[in-house]
Structure formats: structure tokens, C-alpha cells
Amino acid sequence: MPNRPTDDPDTHANWPHVLILGGGFGGLAVARRLAGAPVRMTLVDRRNHHLFQPLLYQVATASLAAPAIAAPLRQILRRQRDLTVLLDDVIGVDTSAREVRLAHGTLHYDMLVVATGSTHAYFGHDEWAPFAPALKTLDDAFLIRRRVLLAFEHAERENDPARRQAWLNFLVVGGGSTGVELAGTLAELARRTLPRDFRRSDPRRASVRLIEAGPRLLPAFDPLLSERARRQLERLGVAVHTGTAVTHIDAQGVNLGDQRLPARTVLWAAGVAASPLGRMLGAPLDRAGRVQVRPDLSLPMHPEVFVIGDLADVQQPNGKPVPGVAPAAKQMGEYVGAAIRARLDGKDSPTPFRYRDAGSLATIGRMAAVAQFGRLKLSGFPAWAVWLLAHIYFLIGFRNRLVVMLDWAWAYWTHERHARIVSGQDETDETENR
């Protein structure tokens, strides 16, 4: 197949070409910041949609439908006539030739922005992945939702009490924000949404365990909030295990050292790894595979290449790395967009990138959450209200905000979750009844 042309012929063919890899928060921020600038832009992503990842766990637990937290990239960017969106996979980067090889062609660039985020990390135990799916994409969310809902279906038709309870045992590995949110929502699903739907089994007998290898939940939060999150989870019926690492996972459960915990549904929220695309850039990497960048987020030997978001290793003045959260990716994207504009205008680059901490939020369940904004620490209903407002505000598009508000309002008053549709198939289906 012949290579795709670098750009379609147009009146701006001689303008610099800015190539953006990744349509997440960082990539979109760059594209929007460069709107109207004298550049031609191409945004490449392996998926056709932007995903609001902070609410992905709600799709996985049947609280929201997928279109409520995702939107097509072409729709989001259709008013930018200077930008082309391509659905493709990156298979190589040649920084010397200023060239990116895609699965279906090659693109040349004048400036490159790499914003491809992160992926799952099983700490050297990739063999656990089939038994403990992680949560990064809509496909992951659909798989988890399928396994969770089918677990209750299997329990309903199981006659043996021990086998029935095994289907009602849920384990979440990882006590960060995603793990806490998954565990709390699973407990609410079992105790408040499903009991009236089943006759032979009682969903309220479900056991939800949250396992964290470190000494406490939510290590990025103040220890006081970590303890409050633990207490809120325990009030929902979640059993919290801290200070113990998982040593084995299979289709029947997990091992915590010498202790065996039987469960047919295990979810992984314990770690992430930088996108493998970072290794293609030929730049120094940290232990997590993130690219070490200069203060202006560019590569040391290639100032025309910028790396942002979860893939970038950026140190704050206090010596801590910039966290891999959506506000950080957006700030980096806006900064790089401004830096590129300054170069085009022949001006000096902006001052070094500085992350503005937007605070940390984690929801546990209905009217239960924790929030930290500098010295301000909130928990319970006040934190939950802040969490609701913040996530509505950052959603893409008015329609998504309206749909999510209506779904949340309905769920608040009725405890109903209408996204409880099971579809598709995964590799464990053939062995579920063994």
C-alpha cells in the first residue's frame, strides 16, 4: 500500500506541520490551544473517541452507558479546519528523519507532540491479566461489566452453596482511586441495586474485598483522608486488606502470601506503565518507562518533539513527579500549545512548565468521598458534592453533562442502574462453569 500523503493539498501547504499522537486530555488541549495558529495539524489515535477516564469505572459497574463519557474525536474537533484526524496505530518513530510510521502509511512532521498515556502494569506477572482485567479503555470497561453481571447470573443458577458464594466473591487489587471507586460501587450494586432482581440467590451476600500492598489506601492523599476512606468503605460492607501483596491469581481466586481467597471475579487496579511508544523516541526513560523531558517538556536532543501527560517524567519543585491525572495532562497540553505558538512568532519559549495542583478526589459511594485541596481536606457528603460538580464540569460536551446529571439523579433517588446490559464474549466464557 502506498504511503499516505503527509497532508491533503490546500492553500496552507507550506505551513509547519504539527503531528499530535493521542486524543486524550493532553492531545486535545494542544489541538485546541493551536486553533487558528498558522500550522497544519494531524491528530492520530488508535481509537476514534476521546474518553473521560475518571468516570470509566462507572461504565464498568453499570452506572453509566459508554456514550455518556466518550465522544468522537472528529465531532469534538470538526470546527478546526486546519486539523485532520486519523484512526491508525503508531509502529515507529524516527526523530532524525522527523517521521512517524503508522500501520497504514508514514507522516512527516515539523513538530511532534506525543501524548499516548499509559497502559496496564502487572509487575512482571502478565499471566494474571486474563484472570484480573484492568481498566483503561471502554473495551476494558465492557469486559469488567460483563464479568461482574454474569457473576450474579451464575450465582442465581448455582445449587451448591459454596460454588454460589464463590461467584458472589469479588476482589479488587489496588487501593488507589480506581480501586477504591470500583470496590465501593460494587458494594452498592450488590446491596442496593440488584437484590430485588434475583429469586434464588441474594446479591446482598456478595463479598467485596479491596487489597492494597502498601500500608494504607489512597497513598497520594493525606493519611487522615486515607483512614476516612477506609471507614466509609467498611460501612458499605467492603473488607479492606492493607500491607499484604497478592502473590498469585488464577480463575478461582488469589493468594495473599499463604492465605487463599476464593473468588470468581478479580479486578486489577494496582498499577500502570507508560505507553510503549516512549521507547521508540530514543530518549532516557525512568524506571516506570516515562520519558525524561526538559523543563519545556521537549526531548533533550530534539526540541521539536514534546512529550506530555502520563508518558512524561516531569519533576515538581518539591522533588515529586507530576501525577498522572487529567488536570496535569491538560495543563501540559496547554503549555506545549503556547510554546509552539511562541516559536512560530519568533518569541522566547514560556517559562518552564509548572504543575498547578488542582486537588485530589476519590468517591467511595453515595454521599461518600474524600477530597484534598492543599491544606483543605473534605470527606463524606461535602467531598461527594465537590466530586459531582468537578466531574460534571470537566466532561466533554453539553449533552454528556446533561445525560450524566440525569443518570446520577435517577440513581440517587432510586438506586437503579440502567446500563446493566450483558453483551459480547471473552476468553473465560468457555471455562466459567468448570
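Student: Is Phe 123 buried or exposed, and what is its relative accessible area?

Tutor: The model is a predicted one. In it, Phe 123 is exposed, at a relative accessible area of 58%; the cut-off for that word is over 50%, so the residue qualifies. Phe 123 sits in the loop that runs between strand 10 (118–120) and helix 4 (138–157). Its backbone deserves a look as well: phi is near 55 degrees, a positive value in a residue that is not glycine.

Arg 98 also has a positive phi, about 55 degrees, and is not a glycine. It lies in the loop between strand 6 (90–94) and strand 7 (99–102). With a relative accessibility of 34%, Arg 98 counts as partly exposed.

Gln 315, a further loop residue, is found between strand 21 and helix 8. It too is classed as partly exposed, at 44% relative accessibility. Setting aside neighbours up to four places away in sequence, Gln 315 contacts Lys 320 and Pro 321. Its C-alpha atom is 39 Å from that of Gly 237, a residue 78 places away along the chain.

Gly 309, in the loop between strand 20 (305–307) and strand 21 (312–313), has a relative accessible area of 13% and is buried. Beyond its sequence neighbours up to four places away, Gly 309 touches Ala 329 and Met 332. The C-alpha atom of Gly 309 is 29 Å from that of Pro 382, and the two residues are 73 apart along the chain.

Helix 1 (residues 25–33) and helix 8 (residues 326–344) have axes 7 Å apart, at an angle of about 30 degrees. The two helices are therefore roughly parallel to each other, and helix 1 passes helix 8 in a right-handed crossing.

Helix 9 (residues 381–394) and helix 10 (residues 398–414) have axes that come within 9 Å and cross at roughly 150 degrees. Helix 9 and helix 10 are therefore roughly antiparallel to each other. From helix 9 the contact includes Trp 384, Trp 387 and Leu 388, and from helix 10 it includes Arg 401, Met 405 and Trp 408. Here the residues divide into nine nonpolar, one polar and one charged.

That leaves the interior. In soluble globular proteins, nonpolar side chains tend to be buried together. In this model the largest nonpolar core has 59 residues, and Ile 69, Phe 152 and Leu 233 touch the most other members. A second, separate core has 55 residues, among them Ile 20, Ala 71, Leu 77 and Leu 112. Returning to Ile 69, its contacts beyond four places in sequence include His 50, Leu 51, Phe 52, Leu 395 and Asn 400.

Terms used: Residues are numbered from 1 along each chain as its sequence is written. This is a predicted model: local features need pLDDT of at least 70, side-chain atom pairs count only at pLDDT 80 or more; totals for chains, interfaces and linings use all residues. Side-chain values use heavy atoms; hydrogens and water are left out. A nonpolar core is a set of buried Ala, Val, Leu, Ile, Met, Phe, Trp, Tyr and Cys residues joined through side-chain atoms within 4.5 Å. Buried means under 20% relative accessible area, exposed over 50%, partly exposed in between (1.4 Å probe, protein chains only). Contact means heavy atoms within 4.5 Å. Axes are lines fitted to C-alpha atoms, for helices over the stretch in contact, and angles run from 0 to 180 degrees between N-to-C directions. Helices (H or I, at least four residues) and strands (E, at least two) are DSSP runs, numbered from the N terminus. Angles under 35 degrees count as roughly parallel, over 145 as roughly antiparallel, 65 to 115 as roughly perpendicular and the rest as oblique. A crossing is left-handed if the near helix is turned anticlockwise from the far one by less than a right angle, and right-handed if clockwise. Ala, Val, Leu, Ile, Met, Phe, Trp, Tyr, Cys and Pro count as nonpolar, Asp, Glu, Lys and Arg as charged, and the others, Gly among them, as polar.
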